[in-house]
Amino acid sequence: MYLLDGICKVFNGRTIAVRELDLKIRRGEWVALIGPSGAGKTTLFRLLNFTIPPTSGTLLFDGLDNRHLSGRRLREVRRRIGTIYQQHNLVPRLQVVHNVLSGRLGTWPVWQAVRSLIRPVEVDLAADALRQVGIADKLYERTETLSGGQQQRVAIARLLVQDPEVILADEPVSSVDPALAAGIVKLLIELSQTYHKTLLMNLHSVDLALAYFPRVIGLKDGMISFDLPTAAVTDEHLTALYAGSQTEVAGEEIFSRAERSFARSCQPRLTN
Ligand SMILES: Nc1ncnc2c1ncn2[C@@H]1O[C@H](COP(=O)(O)OP(=O)(O)OP(=O)(O)O)[C@@H](O)[C@H]1O
């Protein structure tokens, strides 16, 4: 599904977020990504959903090289990838039905999108998605009246309606009560299993990663620290992953001479 070879992402010519990363994700896999703050997890997800281009290296999605994707072809690829974020990205004042159906916007013509805002079309689709995430009764509620966990379920229902091949869940439970977090992780795994989706989840909780995923990748300083079947992950791996990762002095990032020279070696191909 994904093949990454020597991927680098450097921001502003100096902040190396991802460095020389090689990675293979097979179709239908469920993979958890863990690592300290600033390790490059979100940047990696933004590369994987084609929001930002790599500075250098090769990124293949289902055999398609990102260097050859632009315009309509890029939009088509993006539609095949659904991302769910910590902050839900829902419109709070809209009824739940509209937020769920926004998952269809990539496939609707503009006139249908506008019409649906006045009188929702494909309501059955939204209702079915809400039933699958366990909040069927919320269809016509105003989204802002729902709890954080319920809003995350609305975001998952929107994903179901979008029906992507890959789900990238970027810290989907960070703003949810810890007691509800496991339920949401489980739900995403169950839906991925039922609908044969590839699932990548970026998690702050090591416990959730180890409890629910067969493969865990530890990312540190933009590099893969380990990439293992869950049963092979030891305390030593985890200690090494989180040890001494803070590289900030009075809010200033340490930028050594070696890092500067590495940043230069990642030849920018595109801006961003
Ligand atoms: N748009 C950007 N412009 C400049 N620097 C950026 C940008 N996005 C990320 N970075 C930097 O890239 C590095 C990796 O950030 P990223 O958000 O990917 O880490 P993360 O592992 O997701 O962290 P967290 O767990 O705290 O969300 C950090 O040093 C960050 O400041």
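The following paragraphs lead through the salt bridges of this structure and then turn to one residue of a helix.

The structure is a predicted model, in which local features need pLDDT of at least 70, side-chain atom pairs count only at pLDDT 80 or more, and totals for chains, interfaces and linings use all residues. Residues are numbered from 1 along each chain as its sequence is written, and side-chain values use heavy atoms, with hydrogens and water left out.

A salt bridge is taken here as a side-chain nitrogen of Lys or Arg within 4 Å of a carboxyl oxygen of Asp or Glu. Across the whole structure, a search finds 13 salt bridges. One of them joins Arg215 to Glu29, with the closest N and O atoms 2.8 Å apart. Arg215 belongs to strand β9 (residues 215–220) and Glu29 to the loop between β2 (15–25) and β3 (30–34), so this pair ties together parts that are 186 residues apart in sequence. Helices (H or I, at least four residues) and strands (E, at least two) are DSSP runs, numbered from the N terminus.

How accessible are these residues? The terms rest on relative accessible area: buried means under 20%, exposed over 50%, and partly exposed in between (1.4 Å probe, protein chains only). Arg215 counts as buried at 10% relative accessibility, and Glu29 counts as buried at 16%.

Arg215 also meets the side chain of Asp227 in a salt bridge (2.8 Å, N to O). Here the link runs between strand β10 (residues 223–229), which holds Asp227, and strand β9, which holds Arg215, the two residues being 12 residues apart. Asp227 is partly exposed, with a relative accessible area of 32%. Through shared partners, salt bridges join Arg26, Glu29, Arg215 and Asp227 into one network.

A further salt bridge is formed by Asp163 and Lys197, whose closest N and O atoms are 2.5 Å apart. Asp163 lies in the loop between α6 (148–162) and β7 (166–170), and Lys197 in the loop between α7 (178–194) and β8 (198–202), so the pair ties together parts that are 34 residues apart in sequence. Asp163 is exposed, with a relative accessible area of 51%, whereas Lys197 is buried at 9%.

Leu238 is found in helix α9 (residues 235–242) and is buried, with a relative accessible area of 15%. Beyond its neighbours within four places in sequence, Leu238 is in contact with Ile34, Val206, Leu210, Phe226 and Val233, contact meaning heavy atoms within 4.5 Å. The C-alpha atoms of Leu238 and Arg142 are separated by 42 Å, the two residues being 96 residues apart along the chain.
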